[in-house]
Amino acid sequence: MDWTERLTQIRNDLDRLARFPTVSEILLRYLQVVYEHLENCSPYAEPLLTAFEALVSYELWHHKATTKLSSSQELQMRYLVPLGVEMRTALLKLVQKLELIPAYSPDEVVVRELLKAHCYYQLGELEATINGLEEAIRHGATHPLIYFSLGYNRHRLALTEYARWEPVGQKLVLTDKNAFERLLRQALEDFRNGLSYSGREPMDARLYFWIGMVHEMLGEQSEAINSYQRAREIDPENYGEEVQQRLRHLQTVDENPSLQPPPPPAELREEATPIRPISETELESFRKALGEIETVSDLLRRMGGSSEGKEPLEGN
């Protein structure tokens, strides 16, 4: 197939990917941004086209496998760890090839760096993810979703590197307050950079909501409330109820400062569970947990496997 035919095939594959229930809207939008920049490249960028084909094929395989496992009555934990290892191996091979691909135009740099950032994110390499997104933005990746992705990954890095969840006291403990706050301030800037001039676009609601969450984490309640309200105003259907819950919590905390915040994201609350057959009762809750796994590293960590390319463990 020639360049145009291969682009058409990728478009068709993205449409196929969208039909899997495990695929997020953010992933689809992200791959669409990559596709749009790839369209601006010349046929001489064939190595990047091949790399994008490989990544889309990986995502199709990944979501086909997870969809099948999550709906199977024969689901067992032992099947998920090997799957995670296979996924990690595929991503490592792809990112190693991407590191060697030259880029001669701004669009080629954007495509290469966004593909690398996606691979590194799935591998749990947040600093490399951030570096790739920053490089893509420097070369013209100005879509609001890319700014959102950058802010989100800075926020995630702050939580995983400079904070820990204390289960006994049910509170977030900062291990490096200055580094934690510095990353969150940078995330706020990223989210704001993604806002449209009108401030009324659909993506603006998501950005304002996250601006509110970061302000809340920094203890800046007034700024958090204003941002939450903007998110609800722009998109009441998707953010109305969640914003209302956030505002109620902020009001409760204001009335009772000793009240602890709600539990943090799952990456701060890892639970060790030994490998064993699961019952029919447990199966349903496990399917739900499977749907919440966001990256390959999350899958390996939750299943008791290695995130460093070693043999998977049998349990913790």
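This is a predicted model: local features need pLDDT of at least 70, side-chain atom pairs count only at pLDDT 80 or more; totals for chains, interfaces and linings use all residues.
Local features need pLDDT of at least 70, and side-chain atom pairs count only at pLDDT 80 or more, while totals for chains, interfaces and linings use all residues. Residues are numbered from 1 along each chain as its sequence is written, and side-chain values use heavy atoms, with hydrogens and water left out.

**Overview. The chain holds 13 helices and 2 strands.** Helices (H or I, at least four residues) and strands (E, at least two) are DSSP runs, numbered from the N terminus. Of the 316 residues, 47% are buried. Buried means under 20% relative accessible area, exposed over 50%, and partly exposed in between (1.4 Å probe, protein chains only). Contacts (heavy atoms within 4.5 Å) with a separation of 6 or more are 65% between residues 24 or more positions apart.

**View A. Helix H1 packs against helix H2.** H1 covers residues 3-17 and H2 covers residues 25-39. Their axes come within 11 Å and cross at roughly 170°. H1 is therefore roughly antiparallel to H2. Axes are lines fitted to C-alpha atoms, for helices over the stretch in contact, and angles run from 0 to 180 degrees between N-to-C directions. Angles over 145 degrees count as roughly antiparallel. On the H1 side, Trp3, Leu7, Ile10, Arg11, Leu14 and Leu17 take part. They meet Leu28, Leu31, Gln32, Tyr35, Leu38 and Glu39 of H2.

**View B. Glu36 sits in helix H2.** Glu36 is partly exposed, with a relative accessible area of 36%. Its C-alpha atom is separated by 9.1 Å from that of Val111, 75 residues apart along the chain.

**View C. Asp190 lies in helix H8 (residues 177-193).** Asp190 is buried, at a relative accessible area of 6%. Its side chain makes a polar contact with the side chain of Arg154 (2.6 Å). A polar contact is a pair of N or O atoms within 3.5 Å; within protein, one must be able to donate a hydrogen and the other to accept it, and residues adjacent in sequence count only if both atoms are side-chain atoms. Not counting residues up to four places away in sequence, Asp190 touches Tyr147, Leu150, Gly151 and Arg154.

**View D. Helix H9 is largely enclosed by the rest of the structure.** Of its 16 residues, 14 are buried. H9 (residues 202-217) reaches 24 Å from its first C-alpha to its last, close to the 22 Å expected at 1.5 Å a residue. The expected span is 1.5 Å times one less than the number of residues. Just after H9, Gly219 takes a positive phi of about 80°.

Note on methods: Angles under 35 degrees count as roughly parallel, over 145 as roughly antiparallel, 65 to 115 as roughly perpendicular and the rest as oblique.
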